[in-house]
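Keep the viewer open and follow along.

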Amino acid sequence: MHTILLCGGSGQRLWPLSGSIRSKMFLPLLPAPGGGTESMIGRVCRQLGQAGLDESLLLVAHQEQVALIQRYTGSKYPVTGEPCKRGTFTAAALGALHLLAAGKAQPEDILCIAPADMFADDDFFRQFHQFEALLADSEAELLLLGTRPSYPSEQYGYIVPSLEDSCGYAPVLTFAEKPDKVKALELMREQALWNCGVFAARLSFLLEHLERLGLPVEFAALTVQYPELPVRSFDKEVAERSTKAVVVRHEGEWSDLGSWDTLTDRLPSQVIGAGGLWGECGDSYLINELEVPLHVIGVSGIVAIAGPEGILIADKKDANTIKDILAENSVTEPRYGETGWGSYTVVDRESDGSRLVLTAMLTLLPGHDLPEMTCEHCAKSWMIVSGHGEVKVNGATSAACAGGSYTIARGQQHTVSAWSAMKLIEVRISEAGEDGKVYSC
């Protein structure tokens, strides 16, 4: 069996810490077994490894996140990049065709498709080993993994199974996608399960769906068409169309940690970062990525979250509303992003209508380089704040240490290599409307 881990997501529900580049699976907030913290994707990959499922693991991510995925997983697993985000069905198809084109999988092989952004116990992943035998025993074309709801959630999809479950699986009767609370309570009375987003089927089954949609069944051809494809959900495109689907019940722990209300239950502390909770602050949580302190006094049941993208103060149960607010007030460029080489924070962005001056703090990890580039539309200045390494401009190399400054004219090729952890300030001057992005690789 091959496991395809889908690493998508828009990162809006956990704003301001998550965003289009650093989605929630990269947030290093979960307690790690040996102490300290780990990210959601790090936890899932660790658990897949413990379950003996990592040797056949493939990760699918947006191409701008490939280097970041490799950073957070130690480059242990192959990653294929989507040219753009086109939904879970299209991402799963791309992963399947990648395996087929590389000769790692054959049409009769079983694929397990799972999301990277989830929180589950170790038994959840050990259940994956049963999928191949259960598909054969049930003669189903598709297997899903569901878990018993602990409350009437409006954020999850539901699977309604047949009550016949004597063989470790039950036929699927129907699906319900993110119902309101009244409908969710009704579904719970019908013994419905939360849909964990985990699917297993033969690769040939997925190829049949591609052919039905008139899509290519070759990796290169699908990649070419990718930008023109609509967004397609695996649930709607495959699961809800299947007439021979079964569901396996997971009795343990599972959540997608898709809201501040659910994530805070897993945090190692009520206060992370500068600041504190004072007085009666029962069930309140503070996470601060800024260097200025944030203090909450005498307020219970809230989240106070601060980062370079903004500050969120909300009742825990209402914090999901931020997704709707962001949809109505979209920001063109993120102020913070993580990359394979480190991270950047936009400190200032000034424009007089004809010229854009962008100031950013870049943080490089030890042993990493900024991508070598040539900027035709902007000039730059670098000031090294800390660390040491070397700067190369138009082939000329010079040592870099704290206090060093460098000027890069338009059209000059340039890069910087960090021998130790390095921080530098970049001031970029360009024509307004040109080169407004910082770095996305």
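**Strands, a helix and a patch**

Let's start with a parallel pair: strand β15 (residues 275-278) is joined to β17 by four bridges. Strands here are DSSP E runs of at least two residues and helices are H or I runs of at least four, numbered from the N terminus, and two strands pair if DSSP finds at least two bridges between them. Before going on, note that this is a predicted model, where local features need pLDDT of at least 70, side-chain atom pairs count only at pLDDT 80 or more, and totals for chains, interfaces and linings use all residues. Residues are numbered from 1 along each chain as its sequence is written, and side-chain values use heavy atoms, leaving out hydrogens and water.

Back to the pair: G276 has H295 in β17 as its bridge partner. H295 sits on the uncovered face of β17 (residues 294-297) along with I297, while L294 and V296 make up the covered face. In a regular strand the side chains alternate between the two faces of the sheet.

Now look at helix α7 (residues 203-212). Its buried residues are L203, F205, L206, L207, H209 and L210, where buried means under 20% relative accessible area, exposed means over 50%, and partly exposed is in between (1.4 Å probe, protein chains only). What do they pack against? The buried residues of α7 pack against α3 (87-101), β6 (110-115), β8 (142-147), β11 (193-202) and α9 (234-237), with contact meaning heavy atoms within 4.5 Å. Just after the helix, G214 takes a positive phi of about 75°.

Further along, there's an open sheet of four strands, ordered β23-β28-β25-β26 with antiparallel pairing. Its edge strands are β23 (373-374) and β26 (396-401), each pairing on one side only. Inside that sheet, five bridges hold β25 (residues 388-393) antiparallel to β28 (residues 413-418), and E390 finds its bridge partner in S417 of β28.

Next up is β24 (residues 378-386), the strand that holds V385. β24 pairs antiparallel with β29 (residues 422-431) over eight bridges, and S381 stands opposite V427 there. β24 is also joined to β27 (residues 405-408) by four bridges, again antiparallel, with Y406 in β27 as the bridge partner of W382. In the loop between β23 and β24 you'll find H377, which counts as partly exposed because its relative accessibility is 44%.

Together with M383 and I425, V385 forms a nonpolar surface patch with about 210 Å² of accessible area. Areas come from the Shrake-Rupley method with a 1.4 Å probe, and for residues only the protein chains shown count as cover.

Finally, zoom out. The chain has eleven helices and 29 strands, and its C-alpha trace spans about 70 × 60 × 45 Å along the principal axes. Of the 441 residues, 50% count as buried.

Definitions and conventions:
Patches are made of residues with over 30% relative accessible area and no salt bridge: like charges are joined within 9 Å, nonpolar side chains (Val, Leu, Ile, Met, Phe, Trp, Tyr) within 5 Å. A salt bridge is a side-chain nitrogen of Lys or Arg within 4 Å of a carboxyl oxygen of Asp or Glu.
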